[in-house]
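The following questions concern how structural terms are assigned. Each answer sets a value against a definition and draws a conclusion.

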Amino acid sequence: YVVGGSFQAIELFVGHSTGGLVGIAAAAKLDWKVRKLALVSPALWAEKPIIAKLADAVPGLVHSILSQGWLHFLVSDAYLENTHKAFARDDRDQYLYPAAYHKALAHNKAMFAAHPHAIGGIAGINCFFLTG
């Protein structure tokens with residue numbers, strides 16, 4: 001949230017998850033300087049999912065398809081797959097913090113069940129803001 005719109009420097013931009021990506025993009029693209037970034041578990045892809053790659057190539061088409069409710073599972077599946085990748089594992093492929101992993105996974109599944117509109121928000125951010 002920027003107060004006043006005076007284009008003065010932003011002293012500190014704090015972003016969590018997708019907000020971390022927004023902070024990175026803001027620091028790179030805004031007309032005013034962002035002096036410091038604090039990124040809390042930013043949603044950076046280790047490997048970009050196919051739906052995000054499609055959104056980069058044809059954002060309007062992907063957004064239109066998802067706006068109709070078709071293929072919502074692609075967004076939620078990619079989001080949940082990223083949850084799997086976000087938690088560290090040992091050399092036996094066991095989660096180092098299994099309780100935290102299962103809690104995060106349950107939270108994300110519950111989010112999609114209770115707030116299906118979140119898919120549109122995630123898709124919109126990917127299609128029109130975080131491209132490339």
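Q: How many salt bridges does a search of the whole structure find?
A: The search finds three salt bridges. The structure is a predicted model, and the values discussed here are computed from it.

Q: Why is the contact between R35 and E11 called a salt bridge?
A: The term requires a side-chain nitrogen of Lys or Arg within 4 Å of a carboxyl oxygen of Asp or Glu. For the side chains of R35 and E11, the distance from N to O is 3.1 Å.

Q: Which parts of the chain does the pair R35 and E11 tie together?
A: R35 belongs to strand β2 (residues 34-40), and E11 belongs to strand β1 (residues 10-16), so the pair ties together parts that are 24 residues apart in sequence.

Q: What makes R35 and E11 count as partly exposed?
A: A residue is buried under 20% relative accessible area and exposed over 50%, with partly exposed in between. R35 has a value of 49%, and E11 has a value of 47%. Both values lie between the two limits, so R35 and E11 are partly exposed.

Q: How do you know that R89 and D93 form a salt bridge?
A: The closest N and O atoms of R89 and D93 are 3.1 Å apart. The limit is 4 Å, so the pair qualifies. R89, with a relative accessible area of 34%, is partly exposed, and D93, at 47%, is partly exposed as well.

Q: What makes D90 and R92 a salt bridge?
A: Their closest N and O atoms are 3.3 Å apart. This distance is within 4 Å, and the pair therefore meets the definition.

Q: Why is R92 called exposed, whereas D90 is called partly exposed?
A: R92 has a relative accessible area of 61%, which is over 50%, so R92 is exposed.

Q: How many helices and strands does the protein contain, and in what order do the elements run?
A: The protein has six helices and two strands. From the N terminus on, the order is β-α-β-α-α-α-α-α.

Q: What percentage of the residues in the protein is buried?
A: Of the 132 residues, 30% are buried; each of these has a relative accessible area under 20%.

Technical notes:
Residues are numbered from 1 along each chain as its sequence is written. This is a predicted model: local features need pLDDT of at least 70, side-chain atom pairs count only at pLDDT 80 or more; totals for chains, interfaces and linings use all residues. Side-chain values use heavy atoms; hydrogens and water are left out. Helices (H or I, at least four residues) and strands (E, at least two) are DSSP runs, numbered from the N terminus. Buried means under 20% relative accessible area, exposed over 50%, partly exposed in between (1.4 Å probe, protein chains only).
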